[in-house]
Amino acid sequence: MKFTRTKIIASIGPNTRSFKSISQLHKAGMNVVRVNMSHASHDDLKETIKIVKKVNKLQHQKYGPLGILLDTQGPEIRTGESDEKLDLKVGEVINLTVRDNKDVETSSIQVNYSGIISSVKKGSKITIDNGLINFKVLSKDKFSLKCRVVDGGELGSKRHVNLPGIRVDLPSITKKDKKDIALALKEGVDFVALSFVRSKSDVLELKKILKRRNSLAKVISKIENQEGLDNIHEITKESDIVMVARGDLGIETDLADLPNIQRRIMYSTAKHGKRSIVATHLLESMIENPTPTRAEVTDVANAIYEGADAVMLSGETSIGRHPIKCVEMLKRIALRTEEFRTLGYEQFLESESDWQNIALSARDLASSVKAKGIIVITRSGETADVVSNTKPFRMPVYAFTDSDVTYQQLSIKGGMIPIKLSSLKTQAITIRSVKKILKENHKIKKGNKFVLLAGVFSAAHSDSLQIITI
């Protein structure tokens with residue numbers, strides 16, 4: 001099986017929440033399962049985790065660990081529930097109201113955020129349903145906004161509302177999020193993605209929750225608005241992983257500037273040595289069609305050139321008609337794109353860590369001696385991170401660990417081929433086990449050279465970098 005440096009995250013939904021589908025997606029190249037709590041119930045979450053654990057038990061040795069990612073709903077603003085779609089015409093004047101549904105006129109649209117009245121002003125833009133429907137505010141009173149339809153269409157039930165350029169006065173972690181996170185941690189998820197991260201204080205709040213529950217889950221900060229973008233460096237420093245969440249980001253900022261914004265975020269993750277995810281609309285056309293557009297293929301390739309650790313599918317695999325083909329396509333694009341170097345953001349890596357400098361030496365040494373790969377032996381995952389930061393070119397990295405938690409979390413780290421060891425004993429015994437596994441399970445030929453980097457045998461790391469021959 002060919003491994004790619006770029007990991008694949010796939011959202012699980014009604015079309016794929018089964019053992020057969022998740023097993024097939026894993027075989028096709030999926031590394032991490034995403035459960036989106038904007039749509040999933042607690043029963044959906046528990047069922048998905050149960051299936052993933054079963055798939056992992058049967059398939060991890062051949063296809064690698066399958067990580068589990070909880071994606072919080074966050075402080076979302078939505079329209080109210082409705083039995084019928086509302087057909088909005090360009091130029092039509094309509095009211096957006098914060099009154100309860102029972103008090104809402106049939107010609108009005110209910111919104112679940114009372115602060116919208118004080119937040120917007122005359123001339124403000126309001127966008128609904130991922131930018132498909134847009135309004136301009138004409139006037140307002142205590143309970144409603146009189147708006148003109150700028151871009152019309154059919155408005156369904158509980159559609160997402162954006163207020164571009166306006167700070168939403170809602171908590172970063174809602175009551176619903178806290179309940180979802182509590183259940184997810186109890187069930188043993190590997191990653192928690194926090195929606196609409198605006199500053200490092202949002203990240204710290206989530207970390208406190210994880211600490212109180214003795215969880216080692218990694219924190220993913222989703223950048224979805226201008227405030228988060230303005231604070232990108234402080235957010236990146238405090239996070240384990242940063243996601244370029246292009247859905248809301250493309251609405252909350254200038255859409256034409258989105259490619260530059262993506263590169264700013266990717267530069268920040270490379271600079272601060274953190275993992276990165278590019279998400280939303282990667283293969284959107286494949287929700288219905290069996291092949292992607294040429295533009296989508298190029299978009300995915302550009303994310304890989306920018307050094308993304310992972311790319312993420314949303315509706316393509318949760319509700320789409322061709323989920324397996326979507327994952328297979330991502331893997332095909334990654335295999336071809338990884339034949340070329342990244343844009344080189346890793347050269348701007350800022351680190352005063354001796355361990356990071358040793359990782360850079362390991363990458364360069366592996367290249368100079370024409371090694372067949374780099375071997376990482378890690379307990380916490382830190383050694384895997386510092387090697388991943390260096391973006392080794394055409395150089396597989398075999399990451400060995402005896403920790404179940406670290407093994408699962410290696411699923412999202414770019415460049416890593418995770419391998420589970422039963423234990424880490426002495427350096428000599430461990431290296432013998434490593435050689436045996438590489439020869440028997442990964443078909444590495446006798447005589448091939450590897451650079452080995454180990455962060456577990458010496459506190460001073462004095463014997464942690466060496467060349468070994470299989």
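Predicted model: local features only at pLDDT ≥ 70, side-chain atom pairs only at ≥ 80, totals over all residues.
User: Which strands make up the barrel, and how do they pair?
Analyst: Happy to start there! The barrel closes from 8 strands, in the order β1-β2-β3-β13-β14-β15-β16-β17, with parallel pairing. From one strand to the next, the twist averages 25 degrees.

User: How do you know that β3 and β13 are paired?
Analyst: Two strands count as paired when there are at least two bridges between them. Strand β3 (residues 67–71) and strand β13 (residues 191–194) have 3 bridges in the parallel sense, so they meet that cut-off. To find one of these on your screen, look at Leu 70, whose bridge partner in β13 is Val 192.

User: What makes Tyr 267 and Tyr 345 an edge-to-face pair?
Analyst: A pair of aromatic rings is described by the distance of the centres and the angle of the planes. Centres must lie within 6.5 Å, and planes over 60 degrees apart count as edge-to-face. The centres of Tyr 267 and Tyr 345 are 6.4 Å apart and their planes are at 85 degrees, so the pair is edge-to-face. Tyr 267 sits in helix α9 (residues 258–272) and Tyr 345 in the loop between α12 (323–337) and α13 (354–368), so this pair ties together parts that are 78 residues apart in sequence.

User: What makes Tyr 267 and Phe 348 a ring pair, and of which kind?
Analyst: Their ring centres are 5.5 Å apart and the planes are at 65 degrees, so this pair is edge-to-face. Phe 348 is in the loop between α12 and α13, so its pairing with Tyr 267 of helix α9 links parts 81 residues apart in sequence. Phe 348 has 40% relative accessibility, so it counts as partly exposed. Ring pairs join Tyr 267, Tyr 345 and Phe 348 into a cluster. The whole structure has 3 aromatic pairs.

User: Why do you say that a charge sits over the ring of Phe 19?
Analyst: The distance limit is 6 Å from the ring centre, along with a limit of 35 degrees from the ring normal. The charged end of Lys 54 sits over the Phe 19 ring at 4.8 Å from its centre, so the distance is within the limit.

User: What makes Asn 214 and Lys 443 worth a look?
Analyst: Asn 214 has a positive phi of about 55 degrees although it is not a glycine. Phi of Lys 443, also a residue other than glycine, is positive and near 55 degrees. Asn 214 is in the loop between α5 (200–212) and β14 (218–223), while Lys 443 is in the loop between α16 (427–441) and β21 (449–454).

User: How do you know that Asn 214 and Lys 443 are exposed?
Analyst: Exposed means over 50% relative accessible area. Asn 214 has 70%, so it counts as exposed, and Lys 443 has 65%, so it is exposed too.

Conventions. Residues numbered from 1 in each chain as written. Heavy atoms only, no water. Helix = DSSP H or I, 4+ residues; strand = E, 2+ residues; numbered from the N terminus. Axes fitted to C-alpha atoms, helices over the stretch in contact; angles between N-to-C directions. Phe/Tyr/Trp six-rings, centres within 6.5 Å; stacked < 30°, edge-to-face > 60°. Buried < 20%, exposed > 50% of the residue type's maximum accessible area, 1.4 Å probe, protein only.
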